[in-house]
Amino acid sequence: MKYLEFKNGDKMPILGLGTWKSDPGEVYQAVKTAIDLGYRHIDCAFIYGNENEVGEAVNDSIREGKVKRSDLWITSKLWNSYHAKEDVRPGIEATLQLLKLDYLDLYLMHWPVALKSRITYPTAGSDFVPLEQFPLIDTWIEMIKLQESGLTKHIGVSNFSISKIKSLTDLSGVKPEMNQCERHPYFQQQTLIEYCKGNGIHFTCYSPLGSPDRPARVVKDDAPILLENPTISNIARDHQISPAQVILSWTVAKALAVVPKSVNSHRLADNIASCDITLTNQEIELIDGLDKNYRYIDGSFWAMDGSPYTIETLWD
Ligand code: A2P
C-alpha cells in the first residue's frame with residue numbers, strides 16, 4: 001500500500017473503500033471483507049445512510065483483534081443540513097455515534113451547499129439556505145474547532161472549486177488538508193489538482209470507476225460507460241487485469257487517493273491489488289488523453305427551480 005502523508009506525519013492509505021451506494025444489509029460484510037483483505041481506509045458520510053452498519057463492521061473487526069483503531073483511517077463528511085454554526089459539532093457527533101468511534105481521521109464539508117436542518121435531500125427550492133445566510137467560512141471555522149477539540153484529526157472539503165478553497169483559506173488562515181472530488185479518465189480535473197498539489201492540499205478521487213451504480217436520478221441518457229472504454233480495455237488485456245484495475249493503478253500512479261466502492265469480495269480484492277500494478281509511461285499517457293471533461297455527478301440536483309444554487313456558482 002502507498003500512503004499520502006499529512007503535515008503532522010499522519011499517513012492515509014492511498015486506496016480506501018468507498019461506501020456511497022453500499023446498502024445497509026450489504027455494507028457490513030463489505031467492510032469486514034475489505035479489512036480482511038488489507039483495506040485500512042474507509043470513506044464514509046452521514047448522508048450515505050449506512051454509517052451505523054459500517055461502524056458495526058469496524059468495531060467487530062477491532063474486537064476480533066484483526067485490526068486496531070489506530071491502524072485505520074476513517075473519513076466522514078458533514079451533511080449539508082448541518083452547516084449552521086451550532087449544528088456542525090452535532091453533525092460530527094451524530095456520525096461518531098453511528099460509527100461508534102471517538103474520533104475521525106478526516107472530516108470533510110461534503111458540499112458547498114446548505115440545506116435547512118432536517119432536510120435530507122431537497123425536494124423544493126425552499127429546502128435550501130443561500131450561502132449569504134450560512135457562509136461557508138462560518139461552517140469552516142466550526143470545523144477548525146472540531147479538529148482542535150480532537151473529534152477529528154484532519155479537516156478538509158469535498159466538491160470545492162479553487163475559488164471556494166481560496167476563500168476559506170484567506171478568511172480563516174487554515175487551509176483544507178484534503179479536497180475530495182469526482183475524478184476519473186473522462187473527468188481529470190487537471191487545473192484543480194495542480195492547484196491543490198501546489199498548495200499542499202491532498203486530493204481524493206470519488207466515482208473513480210465512473211460510478212456505474214449511481215442513482216437513476218443522476219443518470220443521463222447519453223452518458224459514456226467508462227469501464228467499456230476500448231483504450232482502457234486494451235491496456236487491461238495486455239496486463240491480464242480488469243479495466244477497473246487499469247483505472248485505479250493510473251490514479252494511484254499520480255499520487256491521488258482513490259475510494260472505489262464495491263460490495264463484492266472479488267472486486268474488493270482486485271481493487272486493492274491495483275496499488276501494486278505498474279503501468280508504462282506510454283499507457284499512462286494514453287489514459288491521460290481520454291479526458292472528456294465529463295462529470296457523472298454534475299450537481300444539477302442542487303440547482304432545481306427556486307434553489308439559490310446554480311451549476312455555474314457550484315463549480316465556479
Ligand atoms: P460492486 O459494488 O457490485 O462491486 P465508483 O467507485 O466509481 O462509484 O463505482 C462503483 C461501481 O463499480 C459499483 O457498481 C461497483 O459494483 C462497481 N465496481 C467496483 N469495483 C469494480 C471492479 N473491479 N470491476 C468492475 N466493477 C466494479
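Tutor: Start with two tyrosines: Tyr294 and Tyr296 are both buried.

Student: What does "buried" mean here?

Tutor: Buried means under 20% relative accessible area, exposed means over 50%, and partly exposed lies in between (1.4 Å probe, protein chains only). A note on the source: this is a predicted model, where local features need pLDDT of at least 70 and side-chain atom pairs count only at pLDDT 80 or more, while totals for chains, interfaces and linings use all residues. Residues are numbered from 1 along each chain as its sequence is written, and side-chain values use heavy atoms, without hydrogens and water.

Student: How many aromatic pairs are there?

Tutor: The structure holds 11. In one of them, the rings of Trp79 and Trp302 have centres 5.9 Å apart and planes at 50 degrees.

Student: What parts of the chain does the pair link?

Tutor: Distant ones: Trp79 is in the loop between β5 and α3, Trp302 in the loop between α10 and α11, 223 residues apart.

Student: How do you know whether Trp79 is buried or exposed?

Tutor: Its relative accessibility is 4%, so Trp79 counts as buried. Trp302 is buried too, at 1%.

Student: What makes the pair of Tyr294 and Tyr296 edge-to-face?

Tutor: The centres are 5.2 Å apart and the planes 75 degrees apart.

Student: Why are helices α8 and α10 called roughly perpendicular?

Tutor: They pack at about 100 degrees, axes 11 Å apart. Angles under 35 degrees count as roughly parallel, over 145 as roughly antiparallel, 65 to 115 as roughly perpendicular and the rest as oblique. Therefore α8 and α10 are roughly perpendicular.

Student: Which residues meet there?

Tutor: Val246, Trp250 and Ala253 in α8 meet Ile284, Ile287 and Asp288 in α10 (contact means heavy atoms within 4.5 Å).

Definitions and conventions. Axes fitted to C-alpha atoms, helices over the stretch in contact; angles between N-to-C directions. Helix = DSSP H or I, 4+ residues; strand = E, 2+ residues; numbered from the N terminus. Phe/Tyr/Trp six-rings, centres within 6.5 Å; stacked < 30°, edge-to-face > 60°.
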